[in-house]
Amino acid sequence: MKILLVEDEKDLNNIITKYLKKNNYSVDSVFDGEEALEFLTYSEYDLIVLDIMLPKMSGFEVVKKLRNINNGTPVLMLTARDSGEDKVKGLDSGADDYLVKPFDFNELLARIRAVVRRKYGNISNIITIGDIELDISKKKILKAGKEVELTGKEYEVFEYLIQSKNRILSREQIKEHVWDYGYEGESNIIDVLIKNIRKKIDTENGKSVIQTKRGLGYVIKEDENQ
């Protein structure tokens, strides 16, 4: 899952970025409102973590401009402004959640999971497909009750596919949601990761949980795995 972090305090920006990356999120970090809108023009995000008091353009203005152009990317406002009036203004301007600084990192992660979960229409941190269970809060995958070990990027690809279950995702979409802006890796990197995930999750001679749609991409279908 890819997050755009908009925070003008450089030290705090670096700390949050490192923490989110450590927890298997891809993160693009920017320092003002105009830069945030520029990144949103060229890249898709699963969530924006947005400060309010920003140079050039406030967080309120960023959200308003996004919603005016029908950009529905979820927004979590992270700010020192703690008045009830500010919270109401932030949520009414189009933000999906509001967290006041100083904050607990575990609470930030929980709120990120909740907002992303709602974006994809999932009601729980535990998603079950057939005999596979993904616990998003623990970053843990069980296959028939046994834990499956994936690398960081394999996990990110698998989580994006399972959160988006029943939707065909192109290789470009997967790359867009799993790597930071500007990533220029091997063109077949998604195919290689999918192959590795299948080796670790699929049953020998059984049907793969990740289906290939020729010319379109990959999908995990809920019904066919029940």
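Reader: What makes the crossing of α1 past α5 right-handed?

Author: A crossing is right-handed if the near helix is turned clockwise from the far one by less than a right angle, and left-handed if anticlockwise. α1 passes α5 in the right-handed way. This is a predicted model, where local features need pLDDT of at least 70, side-chain atom pairs count only at pLDDT 80 or more, and totals for chains, interfaces and linings use all residues. Residues are numbered from 1 along each chain as its sequence is written, and side-chain values use heavy atoms, without hydrogens and water.

Reader: Why are α1 and α5 called oblique to each other?

Author: Helix α1 (residues 10–22) and helix α5 (residues 105–119) pack at about 60 degrees, with axes 12 Å apart. Angles under 35 degrees count as roughly parallel, over 145 as roughly antiparallel, 65 to 115 as roughly perpendicular and the rest as oblique. The pair is therefore oblique.

Reader: Which residues of α1 and α5 meet?

Author: From α1, I15, I16, Y19 and L20 meet F105, N106, L108, L109 and I112 of α5; contact means heavy atoms within 4.5 Å.

Reader: How do you know that β7 and β8 pair?

Author: Two strands pair if DSSP finds at least two bridges between them. Four bridges join β7 (residues 132–135) to β8 (residues 140–143), and the strands run antiparallel. I132 stands opposite K143 in β8.

Reader: What makes β6 and β9 edge strands?

Author: The open sheet has the order β6-β7-β8-β9. β6 (126–129) and β9 (146–148) each have a single partner strand, so one side of each lacks a neighbour in the sheet.

Note on methods: Helices (H or I, at least four residues) and strands (E, at least two) are DSSP runs, numbered from the N terminus. Axes are lines fitted to C-alpha atoms, for helices over the stretch in contact, and angles run from 0 to 180 degrees between N-to-C directions.
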